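Q: Could we go through the pockets and the surface of this model together?
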Amino acid sequence: MRSEADRVILAVGQTPDLEPLQGTALFPEDSVKAVSADGRTLATPVKGVFAGGDLVTGPQSVSEAIGAGKRAALAIHLSLQGMPFHEAEETVRLGLGPSFSIHALFHPPAHWDPKTVVRFEDLEPLFLDDRPRRALPRLEPGQRGKGFQEINLPLPIEEAVQEGARCFFCGTCTGCDRCFLYCPELALMPPGEERNRYEADSEYCKGCAVCAAVCPRGVMTMGEGT
């Protein structure tokens, strides 16, 4: 169906305006279409100038642009403090990928190893509720061409809360006491005034690994000194 329109706005994307930067150290040649920046620190050839997002990579996703801003913020802070970026990044990088926690840089959690990745095989789903994923409601086919309403509709608030509760909290202790209750030697000491996590009493722990086996979220692990 066709209809007349007074004005059409093209809003399919945005591109950076490079004209003010032409002829500078950031854009020494007109043929250059992106700013050159270090892939990890986002530092440009101009001292004290950092760049990221579409200005460096070209059109990418919103999440990648947000990630570039976070990485640049970390790099700027470290440069002002005179701290090496690579060493600091290693202490707060999450898992094996490029993600990292700025919060952990300023407030490092005790006994936290950011490189530990909890796999599904490390979980014990026997103690976790099994609920199927809820399908998003969708606009009826006959209504989809009659306006600008989203086709994929949001979940009702009650169902959204239930969907969020499906999270396993992998690698995060929720104080379920499974390890404490199943320890055959009563060697585990729960969190309290003297400790902020479950700890094994070395005088009674026999290394049977029952605590690790029954931990629903892969928090308890067995190893030398643990």
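**Pockets and a surface patch**

Q: Before we start, what kind of model is this?
A: This is a predicted model.

Q: How much space lies in the largest pocket?
A: The largest pocket holds about 1400 Å³ of space.

Q: And which residues lie nearest its centre?
A: His-111, Arg-197, Val-219, Met-220 and Thr-221 lie nearest the centre of the largest pocket, which has 44 lining residues.

Q: Which helix gives the most to that lining?
A: Helix 7 does, with three residues in the lining of the largest pocket. Helix 7 spans 210-214, and both this helix and strand 2 (199-200) supply at least two lining residues each.

Q: How does the lining of the largest pocket split by class?
A: There are 26 nonpolar, twelve polar and six charged residues in the lining of the largest pocket.

Q: Moving on, what volume has the second largest pocket?
A: The volume of the second largest pocket is about 200 Å³.

Q: Which residues line the second largest pocket?
A: Its lining consists of Gly-39, Leu-42, Glu-64, Gly-67, Ala-68, Lys-70, Arg-71, Pro-98, Ser-99 and Phe-100. By class, four of these are nonpolar, three are polar and three are charged.

Q: Now the surface: which residues form a nonpolar patch there?
A: Phe-180, Leu-181 and Tyr-182 form a nonpolar patch, and together they have about 300 Å² of accessible area.

Q: Where does Leu-181 lie?
A: Leu-181 is part of helix 6, which covers residues 178-182.

Q: Does Leu-181 count as buried or exposed, and why?
A: Leu-181 counts as exposed because its relative accessibility is 60%, and exposed means over 50%.

Methods
Residues numbered from 1 in each chain as written. Predicted model: local features only at pLDDT ≥ 70, side-chain atom pairs only at ≥ 80, totals over all residues. Heavy atoms only, no water. 1 Å grid on protein atoms, 1.4 Å probe; cavity = no way out; pocket = protein on both sides within 12 Å on 5 of 7 lines; lining within 4 Å. Points joined across faces, edges and corners; volume = space filled by probe spheres on them. Helix = DSSP H or I, 4+ residues; strand = E, 2+ residues; numbered from the N terminus. Nonpolar A, V, L, I, M, F, W, Y, C, P; charged D, E, K, R; others polar. Patch = residues over 30% accessible without salt bridge, like charges linked within 9 Å, V, L, I, M, F, W, Y side chains within 5 Å. Areas by Shrake-Rupley, 256 points an atom, 1.4 Å probe, with all protein chains shown as cover. Salt bridge = Lys/Arg side-chain N within 4 Å of Asp/Glu carboxyl O. Buried < 20%, exposed > 50% of the residue type's maximum accessible area, 1.4 Å probe, protein only.
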